[in-house]
Amino acid sequence: MTTTTLADHLRALPDDELTALIRLRPDLVIPPPPDFSALAHRAQSRVAVARALDALDQFTLEILDALRYTRVGHGSSAESVLALTAQSGVEAARVRAAIDRLRACAVVFGPDPALRIVNAVDEVCSPYPAGLGRPAEELDPVAGALVADAAGLRRTLLAASPAARAVLDRLAAGPPVGTVAAAGLQPGSDSPVRWLVDRHLLVIVGRDAVELPVEVALLLRRDAGPLGPLHPDPPPTETPQREPAQLDRAGAGQVLELVRNAETLIEAMGQEPPSVLRSGGLGIRELRRFAKNTGVDEQQAALLVEIVTAAGLVGEEIVDNKRVESVFLPTVAYDAWRAFGIAARWHRLAVAWLTMTRAPALVGQRDDRDRPLNALAPELSRPGAPAQRRSALQVLADLAPGRTATPAGVVETLAWRTPRRISRGASAAIEASLAEAAFVGLTGFGGLTGYGRLLLAELAAEAPDPEDPLGIGSPEGYALSGSAALLHTLLPEPVDHLLLQADLSAIVPGPPEPTLAGELELLGQQESASVYRITADTVRRSLDAGYSAADLHALLARRSRTPVPQTLTYLIDDVARRHGGMRIGSANSYVRSDDESLVAEVLADRRLQTLGLRRLAPTVLACRHTPARLLEALREAGYPPVQEDSTGAAVLSRPKARRGAPRPTWASRGVEDPTSAVRLSPPRLAGVIEQIRRGDAAARVARRAPVTVRTNGGSGASHTEALEVLQQALRDKTRVWVGYVDAHGATASRLVRPVSMGSGYLRAEDERTEMLHTFALHRITGAVPEAEA
């Protein structure tokens, strides 16, 4: 088979079948091929064919093997495959459907009586179709003589010992080649393999390899059929039934934990930014600190770090340009993210997890150099991770609502759906993906939640965005999608009140609304998901931010559904009375207070001796350190100072939050597989197909152009002759072949009918496309009348 044969097949396909092919194999149009010859060449490449086969299920691959086994010359037929599969008890309709799937993805093409298989299939698949070896005559003439005697072959098989028969059954199931220790093949050895070799049931094909002839394998497969056991259906798995609402409630509870832990983690990063390792990752000590802060284990903390970074909520900031040192910091997007509801916040985290090309489950393992893999390290990038996660969740999505499955059952189903993608490492990765899905809140009790189904459908939807019909942009917003809207109905409503207790704790009976959350961030110290503790330090922090004692009393009276404890009222008044009684300015810095005894106490405090304080007046102390350093030291010692400016006015402000830039794309999302990254909307698909057809028509026209037009070098004499030919064609209104140099410097040719010529340009009509083209006369290299071509 040649490329032209497949190109002709693709060229004859209608647009709807070409659209279906591109949807199945979008990598064929990245970038768009110039014509059908290039498309066919790309469709037959090893990488493209391997990617197409990776998406096929086990039964379809078995039918492909049947086509390869029944191939005669360059082609096979559907009837020959149906004859073989009938012996295995498979319905003809299912076999034809499998052949149609192979034909739809251009792995097989042509009519049923003359099906052809693209060449690269043999290069990327096993050299033994259907697990059958070569004929005995081709392997060994003596073995060929044995299989020619059907009765003698049966007697020899019946004489085989159980151990020898086990070897034969294993090789008959495929592949037909096996290896054995060299000692087992030595003459005189009592191994079962040596016995089979001596009886010519196996043939030595290498130093330590033997092969089972196809005739022997067919005899051993006489009960299952020549193709062996076929698998038209996925393996049965247990899917216990639960109430769908139960799964949704379990997932919604985990959503609350995920959002709360993400916020706690990012806040911890902002308060004490961790350094970026030279390898680009996060240190193990920092990871353990974050795990302790959020109350999860280290593996879950690594997953959380990866998710918030992929969502653009955590970035980097360079702190030392000379030494190129950076730290991890929250980004500006984090501030906007916090202002939205829990459902919208979860949606961004869930989409980030589904689309990020990262493998957090590998954190803590070692690479090929025996170095530990850290969170956020570039080595964790896996381009196939998004497709793997979605395929695992799709198994759950295909079950009825409320049905659950074990990770082992999901792996078995995927091993049938995409057997070429499943390996030992892939099985562990799929189980890890399901555990991560539960952590993210997409699943509950082993089943997919209702909003999880909607999210998967939204990511896989082919309908273009009304605001972006061509699918070019990727607008990011927080408007509630269908999945987030459904989740919002499952979550408790945000509360705008709290319950004050006598022990100065505040209980928030539900997720706080953004305004209340901002107030509690200043006034209280969070001890758990719903409990905040009000202390003297938190009251001072509120006063530093600009609140007065009256403001705090009013705030608590407005927010609390229980009476404000008298101890809390006294605490606020006491801290407010002392707040600002000591002032700090720049001398480098100074301390002043109207209370002489307080100034004397500070000067005598041994904890502050390192500051080098000295008395300038009974109410003023000077310090060699900056105001910020002095302010921090006095607060750590338990004093309530306030900074003042040059006019003596108090400087009250919230601490400035440092923000970093989002990490580069390679660090968070990586390079995705073309089959999973590309989303082609119908208008884009139609445009690609139209571009290919136009390019193919132009290429065919160029091949029909006269050689003198395609190879003319553009000399002065030939250019003059070309102008004369064009003038004559303009007068006679006949068509002419025009050779020219396009804007990119490439030579091209076109059959046109001249309309006008003047001012240095030729205007001519291409009757095939009904378009008017304009050629600069100095770029025309040759012209030949159609009649002389």
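Is R606 buried or exposed? R606 is exposed, with a relative accessible area of 72%; here exposed means over 50% relative accessible area, buried under 20%, and partly exposed in between, using a 1.4 Å probe and protein chains only.

## Before you start

This is a predicted model, where local features need pLDDT of at least 70 and side-chain atom pairs count only at pLDDT 80 or more, while totals for chains, interfaces and linings use all residues. Residues are numbered from 1 along each chain as its sequence is written, and side-chain values use heavy atoms, leaving out hydrogens and water.

Helices (H or I, at least four residues) and strands (E, at least two) are DSSP runs, numbered from the N terminus.

## Around R606

R606 sits in the loop between α29 (596–604) and β17 (614–617). If you look for A637, which is 31 residues away from R606 along the chain, you will find the two C-alpha atoms separated by 10.0 Å.

Let's move to the loop between α2 (15–24) and α3, where P31 has its place. The peptide bond leading from I30 to P31 is cis, with omega near -10°. At the start of α3, a side-chain oxygen of D35 reaches to within 3.2 Å of the backbone nitrogen of S37.

Within α3 itself (residues 36–43), the buried residues include F36, L39, A40 and A43. These four cover an arc of only 95° around the axis, which puts them on the same side of α3; the arc is that of the directions from the helix axis to the C-beta atoms.

## Where α5 meets α6

Helix α5 (residues 58–69) and helix α6 (residues 78–86) have axes that come within 9 Å and cross at roughly 120°. Axes here are lines fitted to C-alpha atoms, for helices over the stretch in contact, and angles run from 0 to 180 degrees between N-to-C directions. The crossing of α5 and α6 is right-handed; a crossing gets that label if the near helix is turned clockwise from the far one by less than a right angle, and is left-handed if anticlockwise.

On the α5 side, I63, A66, L67 and Y69 take part, and they meet V81, L84 and T85 of α6. Contact means heavy atoms within 4.5 Å. By class, the contact of α5 with α6 has six nonpolar, one polar and no charged residues. In this scheme Ala, Val, Leu, Ile, Met, Phe, Trp, Tyr, Cys and Pro count as nonpolar, Asp, Glu, Lys and Arg as charged, and the others, Gly among them, as polar.

## S76 in strand β1

S76 belongs to strand β1 (residues 75–76) and is buried, with a relative accessible area of 5%. Its side chain joins that of T70 in a polar contact of 2.7 Å. A polar contact is a pair of N or O atoms within 3.5 Å; within protein, one must be able to donate a hydrogen and the other to accept it, and residues adjacent in sequence count only if both atoms are side-chain atoms.

Leaving aside residues up to four places away in sequence, S76 touches L67, T70, R71, V81, D112, P113, A114 and L115.

I266 lies in helix α15 (residues 244–271) and counts as buried at 0% relative accessibility. Not counting residues up to four places away in sequence, I266 touches V308, L313, V314, P330 and Y334.

R559, in helix α27 (residues 549–559), is also buried, with a relative accessible area of 9%. Among the residues R559 touches are D496, H497, E513 and E519.

## Backbone features to look for

Most residues other than glycine have a negative phi, and most peptide bonds are trans. L376 has a positive phi of about 70° although it is not a glycine. L376 is placed in the loop between α19 (342–355) and α20 (385–397), and it is buried, with a relative accessible area of 1%. F445, in the loop between β9 (443–444) and β10 (447–448), has a positive phi near 60° and is partly exposed, with a relative accessible area of 47%.

Another cis peptide bond runs from G174 to P175, with omega near -5°. P175 lies in the loop between α12 (162–172) and β4 (177–179).
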